[in-house]
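Hi everyone, thanks for coming. I'd like to walk you through one model today, so please have the viewer open.

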Amino acid sequence: MTGMDPFLHDLIVFSPQILAGLKNTVVLMAIISLTGFFGGIAVFYLELNGNKICRKMTERYISFFIGTPLLVHLFLMYYGLPQLGIHISPLAVSVIGFTLNVSAYNARYLMTAYNGLDQMELEAARAQGFTPAETFRSITLPQVLRLSVPSLTNQVIQNLKDTSVAFLIQYQDFFAQVQEIAATNFEFFKAYMMAGLVYLTLVSVIVVAARGLEKRIALPGF
Amino acid sequence: MALIEVKNLVKQFDDKIVLKGVNLELNEGQVKVIMGPSGCGKSTLLRCLNLLVQPTSGQIIFRGEEITRPGVDVRRLRRNIGFVFQHFALYSHLNVQDNVTLGLRKIRKMSAREATDKAFHELERVGMFDHRNKYPAQLSGGQKQRAAIVRALAMDPVVMFLDEPTSSLDPEMAREVVSVINKLYLENVTMLCVTHDAFLAKYISDSIIFLDEGVVLEEDIAERLFYDHPNPRIREFYLSVVDLK
């Protein structure tokens, strides 16, 4: 290994941990994107069709999670709850914390798209005899999801980038491994540049997939 | 027994009374047109009749059942009424065929095959079969309205409500829609139609209800209402809208 760049050398030595960290990052992103997607739909449904109290509560839930930093939620659960005797693993805290946060954002995106829907279509569904749940499933949701694809896929990108804060609650993600290398060889610039490039590559994959999805679901005539 | 009987129907929005005691009857196989100046309550009346708008007081009796009493099955009522909107209100994410079959599958609980067969039959009936795979954004106004009529008609409603079906169409497209509605009239489809279109009113109606300031001022056949009516309010209105040369 004589003559090899010391950073490259460390990279090769640490590669099993880096790959494991990368896998953890992708797994966390995939889980929270899915749970946040379905959570967002559930919150959106309750905001539309729940009773008055339910609608008020969902509105407060959204305001709380959009209005407070994600890190506070994660720290509260990971470092705060043990003081009450509740111990949760870093992965579980990440999944719960991110899901609550991402669901709030996704619900807001869906609600914004809903406000752009032709309300006459919903009246037509009522006039036809559809229940609110049937209207939601067959008319509201397909349209709102289609309109929200750019926002929802941007949120997936945001999820990927935000997973890097999970290392602060001991989750062994990709960024945690990069920190480790940097702390070993003090090559901070190279380590973080490499991290940036890896995130950019992953984001590019998501962007290409998102544009493909947008094209696939575009309606003729629009 | 009348199919629909309306007794002293009142609808108030905040401090504005839109309907001030409307009475009307519609029998099976009959077509009545509701006309009147803008803001006289025509569309509100139609929406009250299928409870899209809740009446303030009065009675609506549909097939012998009072539907204005509490606890009425609103969905069952609406399934018997086909509603056609001024601005079409087609489901924009579905093509014409799916617009028609959605209600058949979800509400009438038909299989996909049965719903498609029924949709094809109804689309043929109004000359929309060749457009069945198009999305609403790909249709002209007249085609959209014909598709909306098929969507309502396919549910085999007891009565069709048409809310200004030609108002947002140019004259050529309006004629296209009038000819479809006229065809339904000749097939004895029971209809209640709100319109400003004197041409439509004349060619599809058994009688015309003239509504003014929330009350029924007159009900008569087109010929007697349109020309030289003794009531100056009605005469004035038809002078402004009738051009039946």
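Let me start with a definition: a residue is buried if 20 or more other C-beta atoms lie within 10 Å of its own, exposed if 12 or fewer, and partly exposed in between, with C-beta atoms placed from the backbone. By that count, B:E213 is partly exposed, because 15 C-beta neighbours fall inside 10 Å.

Now some housekeeping. This is a predicted model, in which local features need pLDDT of at least 70 and side-chain atom pairs count only at pLDDT 80 or more, while totals for chains, interfaces and linings use all residues. Residues are numbered from 1 along each chain as its sequence is written, and chains are lettered from A and ligands numbered from 1 in the order in which they are written.

Let's stay with B:E213 for a moment. This residue has a positive phi of about 50 degrees although it is not a glycine. Most residues other than glycine have a negative phi. B:E213 sits in the loop between β9 (207-212) and β10 (215-220) of chain B; helices (H or I, at least four residues) and strands (E, at least two) are DSSP runs, numbered from the N terminus.

B:D156, also not a glycine, has a positive phi of about 50 degrees as well. Its place is the loop between α5 (141-153) and β7 (159-163) of chain B. Is B:D156 buried or exposed? It is exposed, with 12 other C-beta atoms within 10 Å.

Next, the sheet. Chain B has an open sheet of four strands, ordered β2-β1-β4-β5, with antiparallel pairing; two strands pair if DSSP finds at least two bridges between them. Which strands stand at the edges? They are β2 (16-26) and β5 (65-66) of chain B; each has a single partner strand, so one side of each is left without a neighbour in the sheet.

Strand β1 (residues 4-13) of chain B is joined to β2(B) by eight bridges, and B:V10 stands opposite B:K20 there. The hairpin of these two strands has two residues between them, and B:D14 takes a positive phi near 50 degrees in it. At the other end, two bridges link β4 (residues 57-62) of chain B to β5(B), with B:E66 as the bridge partner of B:I61.

Over to chain A, which has eight helices and zero strands. Its C-alpha trace spans about 80 × 50 × 20 Å along the principal axes, and 33% of its 222 residues count as buried. On confidence, pLDDT is the predictor's own score for each residue, from 0 to 100. Chain A has a mean of 93, and 98% of its residues reach 70 or more. Helix α7 (residues 174-185) is lowest, at a mean of 88, and α4(A) is highest, at 96.

That α4(A), residues 90-115, meets α2(A), residues 52-67: their axes come within 9 Å and cross at roughly 115 degrees. Here axes are lines fitted to C-alpha atoms, for helices over the stretch in contact, and angles run from 0 to 180 degrees between N-to-C directions. Among the residues making the contact are A:Y61 and A:F65 of α2(A), and A:L100 and A:R108 of α4(A); contact means C-beta atoms, placed from the backbone, within 7 Å.

Finally, the two chains touch, through 19 residues from chain B and 21 residues from chain A. On the chain B side, α2 (74-79) and α3 (96-106) are the elements giving two or more residues. Happy to take questions!
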